[in-house]
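Hi,

Here is the structure I promised to pass on.

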Amino acid sequence: MSEGTATLLRGATLIDGSGAAPLPESAVLVEGERITWVGPAAAAVVPPGANVIDISGKTLMPGLIDCHDHMIHTGFDIMRRASAPLSLTMMRIADNLRVTLEAGITTVRDAGGLDLGFKLAVEEGLIPGPRLVLGLTILSRTGGIGDTRLRSGIDLWFMEMPGLPSPVCDGVEACRRGVREVLHAGADWVKCAATGGVSSQTLGPTDTALTYDELKVIADEAHMRDKRVFVHAYGGQGLVDSVAVGIDCIEHGAYLCRHPETLARMADQGIWLVPTFMVIKLHRERGTPWGRAKAAAMRDDHRRTLEACMQAGVPLAMGTDAGGYMHGHNAVELQLLVENGMTPMQAIVASTGDAARLLDMSADLGTLAAGKYADLLVIDGDPLRDIAILDQPERIQLVMKGGKTYVDRLASAS
Ligand SMILES: [Zn+2]
């Protein structure tokens, strides 16, 4: 379909991303980058010259928003990465962006690793990719998850890019400076690591990695610049302190159910959780021996955490963190959200309307309504009946971002 003209997508069942009941026989009018009208197909007025596409029997829904991924990863083979010319690595990263967009992920909050140039390249239309919201660098302690130095003495920082500030911050003033550095380098959000994790061999998921004072200065410094903070925290004191100092979003949070007061505070204050079931499943199935063990150990708590958050009203958004293992299968997270207690509709809202609220982009993204960007998917089938179809490429029949079509399987399918 050509750009510039109006396009009317007509006849599909509309899931608008707000959680409202699906609207059968709907129509959505796209003019330029934006949606200009949404309603029942029978009431649609077709503008002169509009391209009318009949998508009866299919589902029309917003593009998915992954609030936690790492587009920079090009596989675990360090020698492959180390022996590639830098320009080749950049092209491979650009390809990760394309693959992710073509899978129906129209926005990604990159939780560390991608520099500002990729975001600008997508915005300039140089490369296809999701809209990008950047964390740039994971601020962390010496030996924390952002520290690239191995015990062999080898420093994997060579895999990072010049536009990324150094991650290691020890002490309050170093943390303050770290925030200023990442904001100067173009971060949209500030990312830090308050606990250890699954993949690291040293700090475990409930080990504290930043002190209360370090976390507080990170939160205060970011908020002073009107930016928000997302924190890698699985459990333990680092998780409790992150919420106590007023950070804005917890990543992973598998052991949050063990801290009911913290969980209640998140609900009260509207602090988000991005539970990232996908990467933990991948760690469990394909990780290092210690990663498999840690990921298996947190499985039941993680499920209880999701249930408790849903009960308490902690705001939830979808994130995969799966980039270390693969790109383009982000929609698997919706299956896992459903397996762990959400309805398919709740999983879709966490991946669309609510994800846009977390990113403070609701005015433009997340739901299909007049005035929003035309970031939308046409799906062959009903994801409310079978959420797994969102990860089946042949079912993703149209991917549109900002009114531009990036995947079109409609002609071949009809
Ligand atoms: Zn991550």
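A question to start with: what covers the buried residues of H5? This is a predicted model, and in it the cover includes strands E10, E11 and E12 together with helix H4 (172–184) and helix H6 (236–244). The buried residues themselves are Glu214, Leu215, Val217, Ile218, Ala219, Glu221 and Ala222.

Helix H5 spans residues 212–224 and lies across E10, E11 (189–193) and E12 (228–233), at about 150 degrees to E12. From first to last C-alpha, the 13 residues of H5 reach 18 Å, close to the 18 Å expected at 1.5 Å a residue. After H5 comes Asp226, with a positive phi near 65 degrees.

Now to the sheet. Five strands form an open sheet with parallel pairing, in the order E10-E11-E12-E13-E14. E10 (138–139) and E14 (272–274) each have a single partner strand, so one side of each is left without a neighbour in the sheet. E14 pairs with E13 (residues 249–252) over three bridges, in the parallel sense, and Cys249 has Trp272 of E14 as its bridge partner.

On to the domains. The assignment gives domain 1 (7–63 + 366–413) and domain 2 (64–358), with 30 Å between their C-alpha centres. Contact between them involves 22 residues of domain 1 and 26 residues of domain 2. On the domain 1 side, the elements giving two or more residues are strands E6 (59–62), E16 (396–401) and E17 (404–408). E16 provides the largest share, three residues. By class, that side has 13 nonpolar, six polar and three charged residues.

Best wishes

Definitions and conventions
Residues numbered from 1 in each chain as written. Predicted model: local features only at pLDDT ≥ 70, side-chain atom pairs only at ≥ 80, totals over all residues. Pairing = 2+ DSSP bridges. Helix = DSSP H or I, 4+ residues; strand = E, 2+ residues; numbered from the N terminus. Contact = placed C-beta atoms within 7 Å. Axes fitted to C-alpha atoms, helices over the stretch in contact; angles between N-to-C directions. Expected span 1.5 Å × (residues − 1). Buried ≥ 20, exposed ≤ 12 C-beta atoms within 10 Å, placed from the backbone. Domains from an automatic or database assignment. Nonpolar A, V, L, I, M, F, W, Y, C, P; charged D, E, K, R; others polar.
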